[in-house]
Amino acid sequence: MSTNKPMPVPTEISAPFWDGLKAGRLNLQRCNSCGHWIFFPRRHCDKCWSHDVEWREVAGTGTLYTYTLTRIPTLPDFADEMPQKMAVVELDEGVRINTTLVGLDEDEIRVGMRVKPVFDKVKPDGTTLLRFTGLDKTVAPRRFDDPEAAAAPEEAAVPLRQIPVGDEAALQALVSDEFTSWSNQIVVDQALIDEFARLSGDDYWIHTDPEKARKQGPFGGTIAHGALVQVLQSRLKIPLGFEVIGFSNMVNYGSDRLRFPSPVPAGARIHARARVKRVEKVRSGTQLTLEVNIHVVGAERPSVINDLVILYM
Ligand SMILES: [Zn+2]
């Protein structure tokens, strides 16, 4: 999974901190003149101004000093982390570190709780960010081989209801204002958007140039093509709960309505749900209109509304 989230750029002064994280170690500076621990990394002690500072490895345990839950992404790239549990952790050495909490439910978080470090490898190149979790928690490392496997749908235990295409009453009974439950989730990352740009020829910078899109775009980053999100419906298994049987041919007749009400930022996770909007007898057979809505996970507003028309002949 590739991400456009801003990443740390180690400097000569901070490199031992970032290199330590990659190796699963938390390194802090300590002042040899007065014994004060120092964070963030710098050239001198922020208490006595001595330049005699030294890197030391620490355990990383501490207490939660304060936190906040962000429900609106600070950048579009963070839409997949909502709510983000932003926190300040006070290490046992006394320094305070801005971080995010992981592996904790909202109602498990308490100011003053004991926490330990999580060395969160966020990119295949080894880039590691420092997060924290509860002392008694185990946080599984991310997998980079198959990000979609991690979000695989739970196998529906409920058998599909089979409805003969001739049973008009049963088909009409499917029409509802209620949507199904959600499908599996997939990540729309920059690599996928780039592939679609190549395939479709639509390589407009708002989709393909993260740098420019961050600085000049209206969304603070790149977004997926609406058409890409639309076709990704094929990868989203929507639990419809029924299947129509007994027809000789089934045709995707197109769309009655196709809207892209809100963007899908690169790196966002999407899922879908649907409802049967209409069932009609037409000259050539029976026409079923399925309203499919695709959302960024956690977003109220859909990113795609597609009234799919399926013709059974
Ligand atoms: Zn000092």
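Domain bounds are those of an automatic or database domain assignment. The model is a predicted one, in which local features need pLDDT of at least 70, side-chain atom pairs count only at pLDDT 80 or more, and totals for chains, interfaces and linings use all residues. Residue numbers start from 1 along each chain as its sequence is written.

The assignment divides the protein into domain 1 (15-134) and domain 2 (157-312). Their centres, taken over C-alpha atoms, are separated by 40 Å. Six residues from domain 1 and eleven residues from domain 2 make up the contact, where two residues are in contact if their C-beta atoms, placed from the backbone, lie within 7 Å. The side of domain 1 that touches domain 2 has four nonpolar, no polar and two charged residues. In these classes Ala, Val, Leu, Ile, Met, Phe, Trp, Tyr, Cys and Pro are nonpolar, Asp, Glu, Lys and Arg are charged, and the others, Gly among them, are polar.

Strands here are DSSP runs of E with at least two residues, numbered from the N terminus, and two of them pair if DSSP finds at least two bridges between them. An open sheet is formed by five strands in the order S10-S13-S14-S15-S12, with antiparallel pairing. Strand S10 (186-188) and strand S12 (250-259) are the edge strands, each pairing on one side only. From one strand to the next the twist averages 35°, with axes as lines fitted to C-alpha atoms and angles from 0 to 180 degrees between N-to-C directions. Within this sheet, strand S13 (residues 268-282) and strand S14 (residues 285-296) run antiparallel and are joined by twelve bridges. Glu280 has Gln287 in S14 as its bridge partner.

| Cis peptide bond | Omega | Loop position |
|---|---|---|
| Phe39 to Phe40 | near 5° | Phe40: between strand S2 (37-38) and strand S3 (53-58) |
| Met82 to Pro83 | near -15° | Pro83: between strand S4 (62-70) and strand S5 (84-91) |

The loop between S2 and S3 also holds Trp49. Trp49 is not a glycine, yet its phi is positive, about 70°. Trp49 counts as exposed because 10 other C-beta atoms lie within 10 Å; the cut-offs are 12 or fewer for exposed, 20 or more for buried, and partly exposed in between, with C-beta atoms placed from the backbone.

Ala140 lies in the loop between strand S8 (128-134) and strand S9 (161-164). With 7 C-beta neighbours inside 10 Å, Ala140 is exposed. Val118 is 22 residues from Ala140 in sequence, and their C-alpha atoms are 9.5 Å apart.

Conventions. Helices (H or I, at least four residues) and strands (E, at least two) are DSSP runs, numbered from the N terminus.
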